Amino acid sequence: MAAPHTQGVLYVHSAPRALCQHVEWGLGRALGEPASLPWIPQPVIPGSVRAEFTWTGTPGTGAAIASQLRGWEHLRFEVSEDPSPGVDGGRWLHTPGLGIFYAQTDMSGNVVVPEERVRYAMEIASGNATELHRELALALGHAWDEELEPFRAAGDESPVVWMHRVG
C-alpha cells in the first residue's frame, strides 16, 4: 500500500537575498529532494524577496518545512498542509518578532480551535470579555496574521501604497 500523500504551499513572504539559498536548502531537506524557488522582489521591504512554492509529500511535511525554516532572522513565511485521510491539515506562520505559530485547519483552510483550547480561554478569562477576546485572538494566531498581512497583500506583484509614505 502506498504511503499517504498530501500537498501544501510555502509562502516566503520576505527574506533577505542572502538567505535565499539557505531557504532552498532547508526546503530541500524537508522534501528529501533539491528545491529551487522563483524569487521576486518584495516591495514592503526594499531589497528583500519573496517566493511561493507548491509542494507534495507525506503527512507531516508541512511541519518539517516549518522546522527547517524557523528561527532565521528577518525571514517571514507561512506553510500550509492540506488535510489527508486520517490527518488534519495545518498552518504554520513565522515572523522574526513573534516566532512560530501552528494551527490545525479544516478542509477549507480555516483555523480550527480545539475544544480544550476554548475551555482554557474561558477559564483564564473568568468572565472577563476583554481577556476572552485576547485569549481567542492568541488561539487564532491574530498577531501573526496582522504582521504578515502587508506582505501577503504585496504578494500579487502589485505595488503596496503606504499612506504614511505618500506625498
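Colleague: Which residue of S5 does phenylalanine 77 stand opposite?

Modeller: Phenylalanine 77 faces histidine 94 in S5. Strands here are DSSP runs of E (at least two residues) and helices are runs of H or I (at least four), numbered from the N terminus. The model is predicted: local features need pLDDT of at least 70, side-chain atom pairs count only at pLDDT 80 or more, and totals for chains, interfaces and linings use all residues. Residues are numbered from 1 along each chain as its sequence is written, and side-chain values use heavy atoms, with hydrogens and water left out.

Colleague: In what order do the strands lie in the sheet?

Modeller: Two strands pair if DSSP finds at least two bridges between them. Here seven strands make an open sheet, ordered S2-S3-S1-S4-S5-S6-S7, with antiparallel pairing. S2 (40-42) and S7 are the edge strands, each with a single partner, so one side of each has no neighbour in the sheet.

Colleague: How many bridges join S1 to S3, and how many join S1 to S4?

Modeller: S1 and S3 run antiparallel and are joined by nine bridges; valine 9 has threonine 54 in S3 as its bridge partner. S1 and S4, also antiparallel, are joined by six, and there tyrosine 11 is partnered by glutamate 78 of S4. On to S5: S4 pairs with S5 over five bridges in the antiparallel sense.

Colleague: Which hairpins follow S5, and how many residues lie between their strands?

Modeller: S5 and S6 form a hairpin with three residues between them. Seven bridges join S5 (residues 89-95) to S6 (residues 99-105), running antiparallel, and threonine 95 has glycine 99 of S6 as its bridge partner. The hairpin of S6 and S7 has five residues between the strands, and glycine 109 takes a positive phi near 90 degrees in it. Two bridges join S6 to S7 (residues 111-112); glutamine 104 has valine 112 in S7 as its partner.

Colleague: How does the sequence of elements read from the N terminus?

Modeller: The chain has five helices and seven strands, and the elements run β-α-β-β-α-β-β-β-β-α-α-α.

Colleague: Is S4 largely enclosed or open?

Modeller: Buried means under 20% relative accessible area, exposed over 50%, partly exposed in between (1.4 Å probe, protein chains only). Five of the six residues of S4 are buried, so S4 is largely enclosed by the rest of the structure. Over the chain of 167 residues, 37% are buried.

Colleague: Which residues have the most contacts inside the largest nonpolar core?

Modeller: In soluble globular proteins, nonpolar side chains tend to be buried together. A nonpolar core is a set of buried Ala, Val, Leu, Ile, Met, Phe, Trp, Tyr and Cys residues joined through side-chain atoms within 4.5 Å. The largest one has 20 residues, and Leu10, Leu27, Ile65 and Leu75 have the most contacts inside it. Two or more residues each come from S1 (6-16), H1 (20-31), S3 (48-57), H2 (61-69) and S4 (76-81). H1 gives the largest share, four residues.

Colleague: What is isoleucine 65 in contact with?

Modeller: Contact means heavy atoms within 4.5 Å. Leaving aside neighbours within four places in sequence, isoleucine 65 is in contact with Leu10, Leu27, Ala30, Leu31, Trp55 and Val79. There is also a second, separate core of five residues, including Phe101, Ala103, Trp144 and Leu148.

Colleague: What are the spans of the C-alpha trace?

Modeller: Along the principal axes the C-alpha trace spans about 60 × 50 × 25 Å. Of the contacts with a separation of 6 or more, 58% join residues 24 or more positions apart.
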